Amino acid sequence: MGLSLHVLASGSGGNASVVVDDAAGKAAVIDCGICKRDFFARCDEAGIALDDIAGILITHEHTDHTKGLGVVLRGMGKLGLEPAVFVSERVHAQSSEVRALDAVADIRPFSDEGAIGLGGMLIHPFATSHDSVESFGFRIEGSGDDALGFMTDTGIVTDAAYAHLERCRILAIESNHDAKMLLEGPYPYPVKRRIASDGGHLSNAQSAELLERLLCNELEQVVGMHVSENSNTYRLPLDALAEIVARNHHAARVQVAYQHMRISAE
């Protein structure tokens, strides 16, 4: 029994994922940018009991990662559940959604200089490169030396990110856009430039390059994350990541995460 990842929603319309340590029976939520109905329903689909959620980690302040936090916490509060919310001090100061919960939620600061102990898991935050006040990915270590790497919302992959994503059994990595579709797509030029910048999002090609560097004996599951509904298809990142796995004769299973449907990697 090890870690499992359940992506409840992923994309610019809203993000929420749950990491479960099956041995400890506890869960950590990463971001909460979807409505209470979908959050509760997709947790139920995945077999995640709400009272097993030990805490919620916020990667950064953009509303597609935070807009559901208040309604989900209030809904859990009505059930007598009060998971802690882990957020960096700078993101807390920037996010009205998080600050609105100061009086009613257990808000705890974190940084990339220390690990978080949560539900039997050890969570190592690392900085990502995004056009937010501050943003993070996570290396999550569970029982039996199991490890999961989670990184979205970054325009480049830093040395620190590479180091934290090495030797993971499950990798959830951004594969946001197809460069040609972005260039020819409907966004205004400043938005296209932002998405493709070092402070934007990883393309399918960048995600595939990252995966090739991270292939290892431990790796079993790969999930392409934060797929754009305007500058990508769900097939393109799947093919790009699967091609890396096949070319290297690796056995890892490749999936992509969806905006309106849950997927799981166990």
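This is a predicted model: local features need pLDDT of at least 70, side-chain atom pairs count only at pLDDT 80 or more; totals for chains, interfaces and linings use all residues.
Start with the open sheet of seven strands, which shows mixed pairing and the order S7-S8-S9-S10-S11-S12-S13. Select residues 116-118 and 253-256: these are strands S7 and S13, which stand at the edges with a single partner strand each, so one side of each has no neighbour in the sheet. On average, neighbouring strands here are turned by 20° against each other, direction ignored.

Next, select residues 121-127 and 136-141. These are strands S8 and S9, paired in the antiparallel sense over six bridges. Within this stretch, phenylalanine 126 stands opposite glycine 137 in S9.

Residues 204-214 form helix H8, which lies across strands S10 (147-151), S11 (170-174) and S12 (221-225) and runs at about 155° to S11. Residues 235-247 form helix H9, lying across S12 and S13 and running at about 165° to S13.

Move on to the largest pocket by selecting Ser12, Arg194, Ile195, His201 and His226, which lie nearest its centre among 18 lining residues. The space in this pocket is about 240 Å³. Helix H7 (residues 189-196) gives the most to the lining, with three residues. By class, the lining has 10 polar, four charged and four nonpolar residues.

Finish at the second largest pocket, with a volume of about 160 Å³. Select its lining: Gly70, Leu73, Arg74, Gly77, Leu81, Glu82, Pro83, Leu101, Val104, Ala105 and Asp106. Coloured by class, these residues divide into six nonpolar, three charged and two polar.

Technical notes
Residues are numbered from 1 along each chain as its sequence is written. Side-chain values use heavy atoms; hydrogens and water are left out. On a 1 Å grid over the protein atoms alone, a cavity is a set of points where a 1.4 Å probe fits but cannot get out, and a pocket is an open set with protein on both sides within 12 Å along at least five of seven lines; lining residues have an atom within 4 Å of a point. Grid points are joined across faces, edges and corners, and a volume is the space filled by probe spheres set on the points. Helices (H or I, at least four residues) and strands (E, at least two) are DSSP runs, numbered from the N terminus. Ala, Val, Leu, Ile, Met, Phe, Trp, Tyr, Cys and Pro count as nonpolar, Asp, Glu, Lys and Arg as charged, and the others, Gly among them, as polar. Two strands pair if DSSP finds at least two bridges between them. Axes are lines fitted to C-alpha atoms, for helices over the stretch in contact, and angles run from 0 to 180 degrees between N-to-C directions. Contact means heavy atoms within 4.5 Å.
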